[in-house]
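Let's take a walk through this model together. Have the sequence and the 3D view open, and we'll go from one contact to the wider picture.

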Amino acid sequence: MKPIHENWSQLAHDCMLIVFVCGTIGIAAKFVTFFNQWVYFPSFPNMLDATFLISAVVYLGWKSRRRH
């Protein structure tokens, strides 16, 4: 059977891609549930969401620029 990944860094890259894409979709889906409601956003979870989204954009942008 042929291996899917040639080395551990490719496997780690694919895992990070899955985590960042699914996490971003999850944050977006969570935010949609707050439409048409007056909601208080606590600063700590909001800070974690923003940090995750910023790191996802930086990682995905860096990897996409590096491939070309």
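A polar contact here is a pair of N or O atoms within 3.5 Å; within protein, one must be able to donate a hydrogen and the other to accept it, and residues adjacent in sequence count only if both atoms are side-chain atoms. With that in hand, look at Asp49 and Lys30, whose side chains are joined by a polar contact of 2.5 Å. Before going on, some ground rules: this is a predicted model, where local features need pLDDT of at least 70 and side-chain atom pairs count only at pLDDT 80 or more, while totals for chains, interfaces and linings use all residues. Residues are numbered from 1 along each chain as its sequence is written, and side-chain values use heavy atoms, with hydrogens and water left out.

That Asp49–Lys30 pair also meets in a salt bridge (2.5 Å, N to O), meaning a side-chain nitrogen of Lys or Arg within 4 Å of a carboxyl oxygen of Asp or Glu. The pair links distant parts of the chain, with Asp49 in helix α2 and Lys30 in helix α1, 19 residues apart. By this rule the count comes to 1 salt bridge. Helices (H or I, at least four residues) and strands (E, at least two) are DSSP runs, numbered from the N terminus, and the α2 that holds Asp49 covers residues 43-67. Leaving aside residues up to four places away in sequence, Asp49 touches Ile27 and Lys30, where contact means heavy atoms within 4.5 Å.

Now for helix α1, residues 8-32. How far should its 25 residues span? The expected span is 1.5 Å times one less than the number of residues. That gives 36 Å, and the end C-alpha atoms are 36 Å apart, so the two agree.

Which α1 residues are buried? His13, Phe20 and Ile27 are, with buried meaning under 20% relative accessible area, exposed over 50%, and partly exposed in between (1.4 Å probe, protein chains only). Lys30 counts as partly exposed because its relative accessibility is 36%. Thr24, also in α1, is partly exposed too, at 32%. Outside its sequence neighbours up to four places away, Thr24 touches Phe52, Leu53 and Ala56. Its C-alpha atom is separated by 9.5 Å from that of Val57, 33 residues apart along the chain. Met16, another residue in α1, has a relative accessible area of 34%, so it is partly exposed. Met16 and Tyr59 are 43 residues apart in sequence and 8.7 Å apart in space, C-alpha to C-alpha.

Ile4 counts as exposed because its relative accessibility is 75%.

About 180 Å³ lies in the largest pocket. On a 1 Å grid over the protein atoms alone, a pocket is an open set of points where a 1.4 Å probe fits, with protein on both sides within 12 Å along at least five of seven lines; lining residues have an atom within 4 Å of a point. Grid points are joined across faces, edges and corners, and the volume is the space filled by probe spheres set on them. Asp49 and Lys30 turn up again in the lining, which also includes Ile27, Phe31 and Tyr40. The largest share, 4 residues, comes from α2.
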